[in-house]
Amino acid sequence: FPQFSAHPHPASNAMATCCPWWPWYRRPSTGAGSRRSSGSSPRDGQKGSRRFNRQSFLQLGHTKKTEGRNYFEVLNGTSFVGKVLRAVSATKEEPLAAMSEWMEKTADPQVVSCEAVVLVLVGLPARGKSFICGAVVRHLKLLGVRVRSFNAGELRRESGKAGIEADFFSSSNVEAKKERERLAMLCCGRLLEWIRAAPPGTSSIGILDATNTTMLRRQRVLETCFAAAQEADHDDKAAPLRVIFLESLCTDAKILQDNYQMKLSNDDYKGAESSAALDDFKKRVEAYEAQYEPLQESELDLLQNRQSSVAMPVGSVQIYDGGQKISCCRTGSSLVAAPLISLLHAMHLTRRQILLAPETDLNGVGLPPQCFAEILKREEEKESRVMDVICGTSKHAVRIAQELSKVDRAAAVSRSQRPRCVLNLRALQGRTSEGSADGSAAAENYADLVRRMRAEVLLLLERLPRSVLVICPGEDVRRVLCAHFVGCSENSIADLEMPAMSVLELTRDHKGYSSDEIELAELIPPRHSISGRRISRPMVMGAMG
């Protein structure tokens, strides 16, 4: 209902296309001619008109019985349209004002999207579960969502069982199996306690980071969540609970080999010889493979036969080979899960580096393109593959992009690789500190910057399969990128300290990205200031590419 509220309900479009008595109904043309007869106007109030017919809407709200039934009886008493019509008929003097008031109460996006989501990870070790979990936590925190991960492996190590051998994970080890089940359910209980502690009206996403490889374990998790949903049903302020299984399946030998190597850096193999640690980890994977039961769609219906008024939706997302294929089931009705699904569609598990370089020096003078060309050659020589480049759209950034597109490949890079991709993104611009004089554009805060950069910068960087050099036009842009890939504390993004005159080198590990620094001082020519000028940036308020 765009005429009455800024938050249209999807039912309005559905009713407009299928109900001949709906005020916005546009009867399809039956002939080869135009929609309207010659000389007719949209203001004529005809059925083919696109204009809102106020009179027909009022008649619909106060109509008498037609064919023995009233329209209110035809409609479901609890349906969206039925509620709208009752709201309109309640006040004959001002029916539109009554409907507008009802829409404001029920179509508030904060109310609609208030829900609690339990994201249950499923998969064998080294399939990217912890990496996906870390990426989800960092991204949702950046968007302002209350999110937290609960890792069963960390809970096991905290209980004094770090560095244990592969026999602990065997299904034939009965005592160890009981202990693993106890730790997993303890982790699930802590997750639900954290969700219950959410402030009223707040959405939360709790992630159960464990293997959950058996159907019995997943059923126990569902039972525990359903019991929590029943308890929360008595609390009017509690958000409705939803469970989504996220399974990571991988058979790609290259991805598995890289993941195995990265797993050797976790706390279970501290101080161990790499070859012995790798053999033990492979035995652990074999022990899990012997008892692994892939997620089935029938598991989503395990709670349907319960005699309860509590409805707890259950959905699933399956990721194959680190993002090569994604399958979603029963997740479309969750507004909180929408940014999660879009992130998963962009992610992959390829090992790579992301370099965040400043575009200017401490005085606001643009750095010469030669120093970025030197970084590009050095990194390509080290990785033996081409790097992509992303810049902003200032004059200096365009000059840098033109120079870097001319840089020859390093000698170690194969000529069969795809050419270097150099992009200039308008969304990659710093915050505007001042609004326009006429008041048409306001100053941006970090939340505005995140919204502008999300689709065209953050998700694009997630999609790129190769290492990438990002030339950042300001420290605020580097802070957002660093918070997305590395994370930040509970404090504001503005509190993140960025190293001056250094390139942040982000390298993927088994949980996310680790950061290092590359000094720019030795790469800058001594007289770079004669070709560099202080950069004035245009005001950019939209996310345009």
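This is a predicted model: local features need pLDDT of at least 70, side-chain atom pairs count only at pLDDT 80 or more; totals for chains, interfaces and linings use all residues.
Visitor: How many disulfides does a search of the whole structure find?

Guide: A disulfide calls for a pair of cysteine sulfur atoms within 2.5 Å. For Cys329, the closest cysteine sulfur belongs to Cys328 and lies 9.0 Å away, which is too far for a bond. Cys472 is in no disulfide either, since the nearest cysteine sulfur, that of Cys391, is 9.7 Å away. Across the whole structure, the number of disulfides found by the search is zero.

Visitor: Is Cys472 buried or exposed?

Guide: The word buried applies under 20% relative accessible area, while exposed applies over 50%. Cys329, with 15% relative accessibility, counts as buried by this cut-off. Cys472 has a relative accessible area of 2%, and therefore the answer for Cys472 is buried.

Visitor: Which strands stand at the edges of the open sheet?

Guide: The sheet is formed by six strands with mixed pairing, and their order is S9-S8-S10-S7-S11-S12. From one strand to the next, the twist averages 20°. A strand at the edge has a single partner strand, so one side of it is left without a neighbour in the sheet, and this is the case for S9 (422-424) and S12 (513-519).

Visitor: Which residue in S11 stands opposite Leu356?

Guide: Strand S7, made of residues 353-358, is joined by four bridges to strand S11, made of residues 502-508, and the two run antiparallel. Across from Leu356, the residue that stands opposite in S11 is Leu504.

Methods. Residues are numbered from 1 along each chain as its sequence is written. Side-chain values use heavy atoms; hydrogens and water are left out. Buried means under 20% relative accessible area, exposed over 50%, partly exposed in between (1.4 Å probe, protein chains only). Two strands pair if DSSP finds at least two bridges between them. Axes are lines fitted to C-alpha atoms, for helices over the stretch in contact, and angles run from 0 to 180 degrees between N-to-C directions.
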